[in-house]
Amino acid sequence: MRLRLVLGDQLSFALSSLEDVQPGDDIILMAEVREEATYVRHHKKKIAFLFSAMRHFAEELTAQGHCVDYVRYDCAENTGSLFGEVRRMVAARAVTEVVVTKPGEYRLLHDMEDWGRRLGIPVELREDDRFICSCDDFQAWASGRKSLRLEHFYREMRRRHMILMDHEQPLGGQWNFDHDNRKRAPEDLEVPAPYFAKPDAITEEVLALVSEHFSEHFGDLQPFALAVTRKEALQALDRFVVERLGKFGDYQDAMVQDEAWMFHSHLSFYLNCGLLLPLECVRAAERAYFKGIAPLNSVEGFIRQIVGWREFIRGIYWLSMPDYAEANYLEASRDLPEFYWSGETEMNCLRQCIQETKRNAYAHHIQRLMVIGNFSLLVGLMPKQVSEWYLSVYADAYEWVELPNVMGMILFADGGLFASKPYAASGAYINRMSNYCDDCCYSPTAKSGESACPFNYLYWDFLAQNEGKLRGNPRVSMVYRSWDKMDAARKEEVRRDSRRFLAQLDTKHA
Ligand code: FAD
Ligand code: DLZ
Ligand code: SF4
């Protein structure tokens, strides 16, 4: 008998470990285990989402005639680890081999590579082929290149999979419509309500379990409205294409007070746990363009996130682990402020983004990148702590996608493996792309003093503090020229304001 282990983020019927499953001969194991639920203190919604989606997936497998052993979190015999559950099953049944699709995190893959020896039976680790680009293909693409840039990879993927192509040429004559995609939201912009799935009896049971066992974890459990089945996830995709995709491009970078969802897809939850596959989302968006439902700037923008960024980021992770997790090029050493967990800060942009994260286990890309990420970079937060925070608080977070975004995209901790410069910005960026500053006690236009937006002086202080490592970067040299032109008194103001702010931050009163 072969044992097929299916992990919480592998909820696809197309999973490689299930390819040749024999309903009569094989057993499928799924387990809710303490180790996976607590290796970081995941947001309560993330645990509820995955446990409910796992239980629904197990039911569907059973309905298809498969023999499924599903171990619930509160089962008395639950050993608390994936290996413990596999070993228990191997001991209880005549298991001759274990088959599993490779996990999305290095720590677990490393562990699994030793399972065969520890169990005394073969453990076959299969490739996770739910991605558009395999790890081998990414490695081949990356090898010998002087720099790894998204744009080159993305074009290659578009060509290879004939996505938005007119023979050899990109549809619309250009690969990238970013210049159309940086609009600030007008005041009367109407944002559609997000997809809302009504919790069923299985979800209600899981919500009670999470409330009992994970009360110490970050985040609000209720209201819970995530899709937990493939059918619901497909409905969410459909709703996105019809109601949001059309404006996705225009407002991709926009942020609006109390509008957590904007025109983003909110599909990362489902893509990352297997309820949706990347190519089906891409083809749905492409069809919307051909049917005239959505314009090219939106469709191309959305497709670039999935075919480009998502695949690229995963490639970078597997190319660079395990050293990547230790990266700290800028030698950042500040502890994470307490308000990252409470949302209690005077800085309205951060308060908004963190409170929405707490409520929804979601923030959209620009909130993660240009508000929370930018702040983390400018004040020099320790990469390991920032990474653990991002991994804990978002319901779409797994290390393969979270880590490169944190290390490479926001903190420049990898020294520029794929980002050509740090994404550092002053308050002017946030003021341009949002209305957060209207409700802030700080002034986005004031440059110095207690009432000035902290981003304004922290930006220059960051550049000054990291001059030795950044001045030589051709994409930052212009900014250093402006710094050089500042008189000594202005530079001293920057230093004084930053020192005051950072001292307050360290005593947790930012
Ligand atoms: P949309 O804006 O609708 O984009 C469509 C899809 O594109 C997303 O669902 C996602 O699958 C993909 N995508 C877009 N940008 C990226 C990116 N930079 N990297 C990988 N995939 C991308 N995404 C995660 O899925 N999990 C994470 O843990 C995660 N952590 C992040 C941490 C930081 C610091 C930053 C800056 C970004 C992070 N992202 C992460 C990427 C991105 O912010 C989210 O994928 C996106 O906000 C999810 O919301 P959405 O589905 O509405 O995305
Ligand atoms: C994230 C997560 C959580 C919270 N719980 C479980 C679980 O109980 N059982 C399980 O199989 N998987 C869980 N997961 C997902 C795993 O952590 C994920 O498979 C690895 O991090 C690899 O991506
Ligand atoms: Fe954020 Fe500065 Fe604007 Fe306040 S003024 S919301 S701190 S960018």
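The shell around ligand 1 takes at least three residues from domain 2 (135-192 + 244-320) and at least three from domain 3 (339-509); the domain bounds come from an automatic or database domain assignment. The model is predicted, so local features need pLDDT of at least 70, side-chain atom pairs count only at pLDDT 80 or more, and totals for chains, interfaces and linings use all residues. Residues are numbered from 1 along each chain as written, chains are lettered from A and ligands numbered from 1 in the order written, and side-chain values use heavy atoms, without hydrogens and water.

The shell holds 29 residues, and H264, S265, H266, N272 and Y362 come nearest. A residue is near the ligand if one of its heavy atoms lies within 4 Å. Polar contacts are pairs of N or O atoms within 3.5 Å. A backbone N or O atom of H266 lies 2.7 Å from a ligand 1 oxygen. A side-chain N or O atom of H365 lies 2.9 Å from an oxygen of ligand 1. For N405, a polar side-chain atom lies 2.9 Å from a ligand nitrogen. The protein covers 99% of the 810 Å² of accessible area that ligand 1 has on its own (Shrake-Rupley method, 1.4 Å probe).

Grid points are joined across faces, edges and corners, and volume is the space filled by probe spheres set on them. Four cavities reach 30 Å³ or more.

Conventions
Polar contact = N/O pair within 3.5 Å; in protein donor to acceptor, adjacent residues only side chain to side chain. 1 Å grid on protein atoms, 1.4 Å probe; cavity = no way out; pocket = protein on both sides within 12 Å on 5 of 7 lines; lining within 4 Å.
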